[in-house]
Amino acid sequence: MGHSNGRRTALKNIALATSGASLGLTALSCKTETKEESQELVSEEATALKGNINHAACYWCYGSMPLDSFAQGAAAIGLKGIDLLKPEEWDTVEQYGLKCSVATDTFANIENGFNDPGNHADLQAKYAELIDKAAAKGIKNVIVFSGNRRELSDEEGIANCAEGLQPLVKQAEEKGVILIMELLNSKVDHKDYQCDHTAWGAQLCERIGSEHFKLLYDIYHMQIMEGDVIRTIQDYNQYIAHYHTGGVPGRNEINDSQELNYPAIMKAILETGYTGYVAQEFIPTYDDKLAALREGVRICDV
């Protein structure tokens, strides 16, 4: 289906929104409303969600919006968390009843990660501080990356990552934090990234052997790399602590303009007993970016 049809679908969904949601949009655009008043006005939209999925979103996809405005809009839609926030951003979203659902900081680097022993000392020192900060805030997930392969074998990469992560995993166990390594595609977006297949990530989880090291299963990335999404989630769910969405191809809205059946995927995730967050990580194409997010949340609200 073409982009224009997807746009019409979104506009139709907006038109069908409850009067409470319409009031919420008015409140968001009205600078004279207090946070409490605007949240009260939009509560009908948030409570209309079924409550089976803990919805979240990645702020970087909405970076043209101030974090304060995005957090207010996200809370109105019914989100529980916002992903990939740095420590200085955590307090902003907490004002709206949201948690940082995945913590990061400027040093977290996709290309230069734990598969290179030369990075270990620096990453260990910096992640030790981030784990402490996250634990103090009650934030459960801290993201890590394998780094690019650079001709390493699968086994070498797993061994190096395990060695570099072990002291941090021990700290995470003590602090009640989970380190999550993201599965990313090396075909389109992140050439040469090593943690690009679920089986590789699962082997690393087995090597580390802790409930405080797991995977961030990105549905968009893994559809590109290996497909078979529902079966993979069923087979490997014990290693997965977090999920990201995104439309394939293009990483845009997750409506019927793309090839993934997100309601079926969400049902499969729930059937595994999963109770964590599902974070929208698509890049909106709609002029109204919050309308795109609202649509994505509704699609996933099974």
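Is Tyr-239 buried or exposed, and what is the relative accessible area of Tyr-239?

1. Tyr-239 has a relative accessible area of 15% and is therefore buried (buried means under 20%, exposed over 50%, partly exposed in between, with a 1.4 Å probe and protein chains only). Tyr-236, at 25% relative accessibility, counts as partly exposed.

2. The model is predicted: local features need pLDDT of at least 70, side-chain atom pairs count only at pLDDT 80 or more, and totals for chains, interfaces and linings use all residues. Residues are numbered from 1 along each chain as its sequence is written, and side-chain values use heavy atoms, with hydrogens and water left out.

3. There are seven aromatic pairs (rings of Phe, Tyr and Trp, the last by its six-membered ring, with centres within 6.5 Å; planes under 30 degrees apart are stacked, over 60 edge-to-face, the rest tilted). Tyr-217 and Tyr-243 are edge-to-face because their planes stand at 65 degrees, with ring centres 5.9 Å apart. This pair links distant parts of the chain, 26 residues apart: Tyr-217 lies in strand 6 and Tyr-243 in strand 7 (residues 240–244). Tyr-217 and Tyr-243 are both buried.

4. Tyr-236 and Tyr-239 make a tilted pair, 6.4 Å between centres and 45 degrees between planes. Elsewhere, ring pairs join Tyr-59, Tyr-62 and Phe-70 in a cluster.

5. Helix 8 spans residues 198–208 (helices are DSSP runs of H or I, at least four residues, and strands of E, at least two, numbered from the N terminus). Its buried residues include Trp-200, Leu-204 and Ile-208. Among the elements covering the buried residues of helix 8 are helix 7 (154–175) and strand 6 (213–218).

Terms used
Contact means heavy atoms within 4.5 Å.
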